[in-house]
Amino acid sequence: MSDISDRMKKLRQEKNLKQQEVADFLGISQQSYSHYEQGKRELPLRHVAKIAELYNVSSDYLLGTSPNYSGMFDINACFVPDVSLKTLILTVMKLNRHARQQLFHFLLHLEAAQDKPDPPPKPTHYQPYNPAKRRE
């Protein structure tokens, strides 16, 4: 097996993906993907970029020209509107240990909450106008 075949299999297993799932992502059959992963066929260049994107690694890593398992993100790019990942990290680093722990637990709470469907909106109750309670 070649470096790229080994790395493709390793990355797929780390992400707990099946060959069929990766094949669907690439728009090819499972058998074709299996041949790439086994080194029986050469992976087309058009798939290299998509696989690197799927696993969040550089194409250099995937091709075996770089030993670094570097992801493809720019620390200065906007993470949320008007806030870069760098700014976010620097802001978190300014927090004391307790505040960072609270932030982490809050993030876990948000992550768990996003897996649940949104609750139905609460009904608003009409309060009739009461002139006696009017502020002056």
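Predicted model: local features only at pLDDT ≥ 70, side-chain atom pairs only at ≥ 80, totals over all residues.
**Helix H1**

Helix H1 covers residues 3–14. It has twelve residues and reaches 16 Å from its first C-alpha to its last. That is close to the 16 Å expected at 1.5 Å a residue. The buried residues of H1 are Ile 4, Ser 5, Arg 7, Met 8, Leu 11 and Arg 12. They cover an arc of only 165° around the axis, which puts them on the same side of H1. An α-helix has 3.6 residues a turn, so residues three or four places apart point the same way.

What do the buried residues of H1 pack against? They meet helix H2 (19–26), helix H3 (30–37), helix H4 (45–55) and helix H5 (59–63).

**H2 against H3**

Two packed helices are described by the angle between their axes and the distance between the axes. H2 and H3 pack at an angle of about 105°, and their axes lie 8 Å apart. Angles of 65 to 115 degrees count as roughly perpendicular, and H2 and H3 are therefore roughly perpendicular to each other.

Which residues meet? From H2 come Gln 19, Gln 20, Val 22, Ala 23 and Leu 26. From H3 come Gln 30, Tyr 33, Ser 34 and Glu 37. By class, the contact of H2 with H3 has four nonpolar, four polar and one charged residues.

**Helix H4**

The buried residues of H4 are His 47, Val 48, Ile 51, Ala 52 and Tyr 55. Seen down the axis of H4, they fall within an arc of 135°, so they line one face of the helix. The face turned away from this buried side carries the exposed residues Arg 46 and Glu 53. The buried residues of H4 pack against H1, H2, H3 and H5.

Take His 47 in helix H4. Is His 47 buried or exposed? His 47 has a relative accessible area of 4%. The cut-off for buried is under 20%, so His 47 is buried. His 47 touches Leu 26, Ile 28 and Tyr 36, not counting residues up to four places away in sequence.

The table sets them out.

Definitions and conventions
Residues numbered from 1 in each chain as written. Heavy atoms only, no water. Helix = DSSP H or I, 4+ residues; strand = E, 2+ residues; numbered from the N terminus. Expected span 1.5 Å × (residues − 1). Buried < 20%, exposed > 50% of the residue type's maximum accessible area, 1.4 Å probe, protein only. Arc of directions from axis to C-beta. Contact = heavy atoms within 4.5 Å. Axes fitted to C-alpha atoms, helices over the stretch in contact; angles between N-to-C directions. Parallel < 35°, antiparallel > 145°, perpendicular 65-115°, else oblique. Nonpolar A, V, L, I, M, F, W, Y, C, P; charged D, E, K, R; others polar.
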